[in-house]
Amino acid sequence: KLFLLGTSTTILALGTHQVIKKLQSSNNNFSNKSYALNSQNIISSQNGLLETTLEASYQEVPLGNQNAYLLTYNGQVPGPRLEAKPGDKVRIHFVNNLSQSTNLHYHGLHLPPTGKGDNVFLEVKPKEKFTYEFDIPTKQTGGINWYHPHLHGLVAEQLSGGLAGLFIIRDQLDEIPEIKAAKEEFLVLQDFFLDENGNLLPSNQMPLMMGREGNVITVNGEVNPSFSMPENGLLRLRIVNASTSRFYNLSLEDHPFYLIANDGTTLEQPIELSEILLTPGERIEVLIKGDKNPQSYQLVSLPYNRGSMGMMGRGRMGGGMMGRGRDNIENNGPIPLATINYENSVSPLNLPTELMPISPLPKPQTTRQFSLNHGMSPGVGMAFLINGEAYQPNTVQTQVKLNTVEEWEVINTGVMDHPFHVHTNKFQVISRNGVPNAYPTWKDTILVRRGETVRIRIPFEDFTGKTVYHCHILDHEDLGMMGSLLINS
Ligand code: C2O
Ligand code: CU
Ligand code: CU
């Protein structure tokens, strides 16, 4: 027996035999606590200290034109926006009111991966509390970072339920006069797979091979919200892809973007682009320059094909709706994300010409290869693999030395695209398929398309201990596409 959910962009088929492994099931923690539900909820550091409680719980929240039952931080989707400066102390009193274990990861922040820092090996059980405590390093550059759960095996499920929030570092970038003058807007892109009553449905993708995608796409918990162009004609959009698996191929249709930063780090100069592919985990900052004549722009996601399971998917799913529908993950488009309107006529300022310098890293001491694919893994069955292995919690896949620079060659030998992410230390992108990267850039997540080889260079600085690298299609991460990385002193 099948029931169908039709949306403007996808037709999804779902077998009723699939048991909904609901976080909100029976033993329930549904709490009626009322939080101030305000999308502008910002928690900033005061006198060098960012201290707050973050509580994960299952709540009814407004989402687009309906109410939905989601996983929230402090009752909100997305969670509150945290803001701090380099050198600040951070103390987060984390409370787990979900019915399963979870934890927090600070994606993009340069922090110790151990103890009370950005420790993804830590498990906070239901009803337990944990206080995260760390300093934002003075070398952390200003930009967009974000927090989300990171307990291996549950990451996709919890993130797709809504658990994600921004963690903004304010710094010199915000002081560049044109950028300071621009109107700042944050856009957290999330998708949810919901029934008509706003309940989370399990992913229909057997067995989550392509990674789950939702049928409701939201920006800051709203469907196609509007932003207004300021009178000075400079709008600064700061965007995070907080979806579990969905790629957004961003475009303003006939109007250009000026890319000024990505993954929490500023570029040297603005780069004019008409399309920007934003894969899960990645962030961008763009300036949009208004026209003299008032108009409106539609931010959309254009079609993009991120691969397929090919023969395997077709064979196992037995054809029909599921086989055909999900064989290729191709987002039809354009999907509207946000509208930019003019309230007044504008006299556009000029764009900045120089942003922040990026010094190239020295030659690497070591070069390694990481090949990404899926296949059979002994004792695990079908899994997602790095160098032929699925993640195993008690082994260390890669060991490096503190204060060295390494070059990693990330090779995608599979049939679908994988955004590769490294915790703790950012990297510079050297080349893609042997072609040098068009401009110097720091990143922490980089798309490696099927058949591609991407070279990155990583400095291991400041922190020792065990951390991880993984695919940011979080179903792939949960299904094994992760490695642990031990940084030795
Ligand atoms: Cu945003 Cu290890 O993840
Ligand atoms: Cu991360
Ligand atoms: Cu992947």
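Asn224 counts as partly exposed because 16 C-beta neighbours lie inside 10 Å. The cut-offs are these: a residue is buried if 20 or more other C-beta atoms lie within 10 Å of its own, exposed if 12 or fewer, and partly exposed in between, with C-beta atoms placed from the backbone. Asn224 sits in the loop between strand E13 (216-219) and E14. Strands (E, at least two residues) and helices (H or I, at least four) are DSSP runs, numbered from the N terminus. Phi of Asn224 is near 45°, a positive value in a residue other than glycine. Most residues other than glycine have a negative phi, and most peptide bonds are trans.

This is a predicted model: local features need pLDDT of at least 70, side-chain atom pairs count only at pLDDT 80 or more, and totals for chains, interfaces and linings use all residues. Residues are numbered from 1 along each chain as its sequence is written, while chains are lettered from A and ligands numbered from 1 in the order in which they are written.

Asn433 has a positive phi of about 50°, although it is not a glycine. Asn433 lies in the loop between strand E30 (427-432) and strand E31 (435-436). Asn433 is exposed because it has 10 other C-beta atoms within 10 Å.

Now look at Pro78. The peptide bond from Val77 to Pro78 is cis, with omega near -10°. Pro78 is found in the loop between strand E5 (66-73) and strand E6 (81-84).

## The sheet that holds E14

Which strands make up the open sheet that includes E14? The order is E14-E24-E21-E16-E19, five strands with mixed pairing. Strand E14 (226-229) and strand E19 (275-278) are the edge strands, and each pairs on one side only. From one strand to the next, the twist averages 25°. Angles run from 0 to 180 degrees between N-to-C directions, and axes are lines fitted to C-alpha atoms, for helices over the stretch in contact.

Two strands pair if DSSP finds at least two bridges between them. E14 pairs with strand E24 (residues 335-342) in the parallel sense, over four bridges. Phe227 has Ile340 in E24 as its bridge partner. Strands of a sheet pair through backbone hydrogen bonds, either parallel or antiparallel.

## The sheet that holds E10

Another open sheet of five strands runs in the order E3-E6-E11-E10-E8, with mixed pairing. Its edge strands are strand E3 (42-44) and strand E8 (105-107), each pairing on one side only. The twist averages 25° from one strand to the next.

Follow E10 through this sheet. Strand E10 (residues 143-148) and strand E11 (residues 165-169) pair in the antiparallel sense over five bridges. Ile144 has Ile168 in E11 as its bridge partner. Asn145 stands opposite Phe167 in E11. E8 and E10 pair in the antiparallel sense over three bridges. Tyr106 stands opposite Tyr147 in E10. Is E10 mostly covered or mostly exposed? E10 is mostly covered, with six of its six residues buried.

## Domains and their contact

The protein chain is divided into domain 1 (21-165), domain 2 (177-342) and domain 3 (366-488). These bounds come from an automatic or database domain assignment. How many residues of domain 1 are in contact with domain 2? There are 27, and they touch 30 residues of domain 2. Contact means that the C-beta atoms of two residues, placed from the backbone, lie within 7 Å.

E5, E10 and helix H1 (155-160) each supply at least two residues of the side of domain 1 that touches domain 2. The largest share of that side, five residues, comes from E5. The residues of that side divide into 11 nonpolar, 13 polar and three charged. Here Ala, Val, Leu, Ile, Met, Phe, Trp, Tyr, Cys and Pro count as nonpolar, Asp, Glu, Lys and Arg as charged, and the others, Gly among them, as polar.

## Gly483 in strand E36

Gly483 is in strand E36 (residues 482-488). Why does Gly483 count as buried? Gly483 counts as buried because 22 C-beta neighbours lie inside 10 Å. Leaving aside neighbours within four places in sequence, Gly483 is in contact with Ile386, Tyr391, Gln397, Thr398, Val468 and Tyr469. Arg432 is 51 residues from Gly483 along the chain, and their C-alpha atoms are separated by 22 Å.
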